Amino acid sequence: MNIIVLGLNHRTAPVELRELLAIPDSRIGEALSRLRAYPGVKEAMFLGTCNRVEVYAVVEKGEWGFRKLEDFLVATHFSLSSEDLLPHLYRYSDEEAIAHLFRVSASLDSMVVGEPQILGQVKQAYELALTHRSSGVILNKVVKKAISVGKSVRTNTRIGEYAVSVSYAAVELAKKVFSNLEQQVVLLVGAGEMGKLAAQHLVNHGVKDVLLTTRNQHRALVLAERFQGQAVPYEQLRSTLPKADIVICATGAPHFVISKDDIEGAVHQRRNRPIFLIDITVPRNIDPAVKDVDNAFVFDIDDLKAHVGHNQDERLKEAATAEKMVKEEVESMLAWVRGLEATPTIVALRKKAEVIKNIELEKAFHRLGELSEKDRGAIEGLASAIVNKLLHGPLVTLKAEAQSQNGFAFIEAARRFFELQERDLHVFESQSEEAEAGNEASEESFSQKDRQ
Amino acid sequence: MPEALSFLILGLYFVGTLLFLAFLLHRSEVLVKVAVFVAGAGFLAHTAALGLAIIATGQVPIMTFRDAMSFFAWGLVLVFLVVGLKRGLQVLGAFILPLAFLSLVSATLAPVEASGIAPVFQTVWVHVTLSILGTIGFAIAFVAGLMYLMQERLLKSKQFNVLNFKLPPLDFLDTLNQRSILFGFPLLTLGILTGAVSAQLTVGSYLSWNPEQVWALITWVFYFAVLMGRVTVGWRAKRAAYLTIVGFAGVILTFIGILMKSPQAIAHL
């Protein structure tokens, strides 16, 4: 049994390819059942975002599973061939696969480290897998853990605290001037893409009043509709400035659109209420001399980038902490997964029975005093017979069902019924020195139960 | 108040000050919790000391320079704990606590003889209380102004460092500045009026033009102008910040004037 992931992301594949592999939510069900139809694929989940396409699966044999998943991906789009796809794919199995999912969920693998969307996208992918019953015991546990790791990274580190896009940096800087963005008026000058993005971020952060002006009045009206704002004739830019608390300038003009005089006048009319200006284009649209006007704060694209750069450094520092958290969680997850193999479970169960039998025999012999070899043999035989007969059913079922679709559920159930700890499974699997310690520990716990 | 207790208070405010300053320059969330805890402990000890004094004398101890400064420090920390923690602005502590600590130090260093007028008339007591409360308002306005100028400077010079990250937004600081003056000014006005009445009762004239009275009047006119300027010609933001810092310097000078006086002269206030 192997947990595997096959996929590509923003680092390994261009956006054109990622687009081709996208599967709309409405067709996910069909895709997942197609995946499950491959014999040997026991569980599957599909994670598709604009930056990554990944298939997670639990398969009988890793190598063979990867080939099936490749077939599946190639089949998602008629124009794809495996030659197009293969060079862009990464393949991880078991420990690496779990670590990869945890890192993805913690947004450590994102294009912008610390971005908040990915956690929701992992959740959604998981819910889709649940809805279409393509996940099982293993993926359920692993993905749930990945989500909780992602959450814990977000709450326990400051990875998401620093703005790392230029347009978002504008919001963060505006918040250093205005405590309540809801009450501020934004004036968007020009229809540049970055400017629109910055305005959108501001609206998302509560700004209600948006004024728009562009040379092309029609465009201003379209923008006004988008932001539910008000279009202002371009000729009135100067007289509109005093009304604006936040000005975003993103025209394509090769010259200054807003002069120092304009701002001096505006600040005067505003009776020194601060005005915050973002110049998001190159060449600049706002005269840099505006910085000398009291109560006017102007930031150009380089300033915003500097802000972002500073934040990026901070995020990377936080990312190091997050990586450590992920690593710890991967180890404990791995212990659980290893325990799900049939063999260690069977070994552990036998061992546990053996230990109980020996302890009980020891006690009985102690109470009975001197016994003949024959009596001893008879009592031992009896105990062994009871233990073996009792275990026979469960062991046969485990062996048989381990190969079936619900195998892991059976193993998980057996572990719960017989109180087999993950630690014990480990111990029996690797007959190391620690095994001794583990045995002692479990023996101790048995004798404690006896005393009760 | 007992010597040991006042050293304990001084010590706690000192440690609190250091912790808050460290918090200001480091991205640590633990530091600020400890700092608030230490400041809170200092405040409790301080309150206990005031309580003991009230039990002993039956009055809030403010009639000596030492006591007045101590009461002033107590009020500052109270404002921080109420305003700062309610609004989640622990960063205010990095400015208010040092001020409280310094006033407590100056109280401790003040010559012992600069003390003691028997509050012959209730008006004297009211006068002192009101003046101290008014001064607390101006002190907060001063702190807000200082923080405003720091944040303004950081934004203008585009330094996106820890300090910029931790200082509150400009408009909040400007509002805090305005509200503090709006709080302090009426109290100062009433303080001056009750002071005049006290002077009339003790020395027979409302105003004897001694330096403290003159300073107090100048301060009053100054803050009046600051308030009016904001409403009429927009003296807000950076200008208001500068003005309140200057105004507070005037307040401190008045205090030093009082400190220099003999006990007899204080009675004349």
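Colleague: Which order do the strands of the open sheet of four strands in chain A follow?

Modeller: The order is S2-S3-S1-S4 in chain A, and the pairing is antiparallel. Please keep in mind throughout that this is a predicted model.

Colleague: Which strands stand at the edges of this sheet?

Modeller: Strand S2 (41-48) and strand S4 (90-93) of chain A do; each has a single partner strand, so one side of each is left without a neighbour in the sheet. Neighbouring strands are turned against each other by 15° on average, with direction ignored.

Colleague: Which helix lies across S2 and S3 of chain A?

Modeller: Helix H2 (residues 25-37) of chain A lies across both strands, and runs at about 145° to S2(A).

Colleague: I turn now to the parallel strands. How many bridges join strand S8 of chain A to S9(A), and how many join strand S9 to S10(A)?

Modeller: Strand S8 (residues 246-249) of chain A is joined to S9(A) by four bridges, and the two run parallel. Strand S9 (residues 275-279) of chain A is in turn joined to S10(A) by five bridges, again in parallel.

Colleague: With which residues is Phe102(A) in contact, leaving aside its neighbours within four places in sequence?

Modeller: They are Ala146(A), Val149(A), Val326(A), Glu329(A) and Val330(A). Separation in sequence and separation in space should be read as two matters: Phe102(A) and Lys327(A) are 225 residues apart in sequence and 8.7 Å apart in space, C-alpha to C-alpha.

Colleague: How many residues of chain A are in contact with chain B?

Modeller: The size of an interface is often given as the accessible area lost when the parts come together. Here the description is by contacts: 17 residues of chain A touch 16 residues of chain B. On the chain A side, helix H8 (166-177) and helix H13 (301-339) each supply at least two residues, and the largest share, four residues, comes from H13(A). By class, this side has five nonpolar, five polar and seven charged residues.

Colleague: How many helices and strands does chain B have?

Modeller: Chain B has ten helices and zero strands. Of its 269 residues, 42% are buried. Among contacts in chain B with a separation of 6 or more, residues 24 or more positions apart account for 78%.

Colleague: How many residues does helix H2 of chain B have, and what distance does the helix reach?

Modeller: Helix H2 (residues 29-57) of chain B has 29 residues and reaches 42 Å from its first C-alpha to its last, close to the 42 Å expected. Its buried residues, including Val32(B), Ala35(B) and Phe43(B), pack against helix H1 (3-25), helix H3 (65-86) and helix H4 (93-109) of chain B. After H2(B) comes Gly58(B), whose phi is positive, near 80°.

Colleague: Where helices H7 and H8 of chain B cross, what is the angle?

Modeller: The axes of helix H7 (residues 170-203) and helix H8 (residues 211-233) of chain B come within 10 Å and cross at roughly 145°. The crossing of H7(B) and H8(B) is left-handed. Residues that meet there include Ile181(B) and Phe185(B) in H7(B), and Trp220(B) and Leu227(B) in H8(B). The residues of this contact divide into nine nonpolar, two polar and one charged.

Definitions and conventions. Residues are numbered from 1 along each chain as its sequence is written. Chains are lettered from A and ligands numbered from 1 in the order in which they are written. This is a predicted model: local features need pLDDT of at least 70, side-chain atom pairs count only at pLDDT 80 or more; totals for chains, interfaces and linings use all residues. Two residues are in contact if their C-beta atoms, placed from the backbone, lie within 7 Å. Ala, Val, Leu, Ile, Met, Phe, Trp, Tyr, Cys and Pro count as nonpolar, Asp, Glu, Lys and Arg as charged, and the others, Gly among them, as polar. Two strands pair if DSSP finds at least two bridges between them. Axes are lines fitted to C-alpha atoms, for helices over the stretch in contact, and angles run from 0 to 180 degrees between N-to-C directions. A residue is buried if 20 or more other C-beta atoms lie within 10 Å of its own, exposed if 12 or fewer, and partly exposed in between; C-beta atoms are placed from the backbone. The expected span of a helix is 1.5 Å times one less than its number of residues. A crossing is left-handed if the near helix is turned anticlockwise from the far one by less than a right angle, and right-handed if clockwise.
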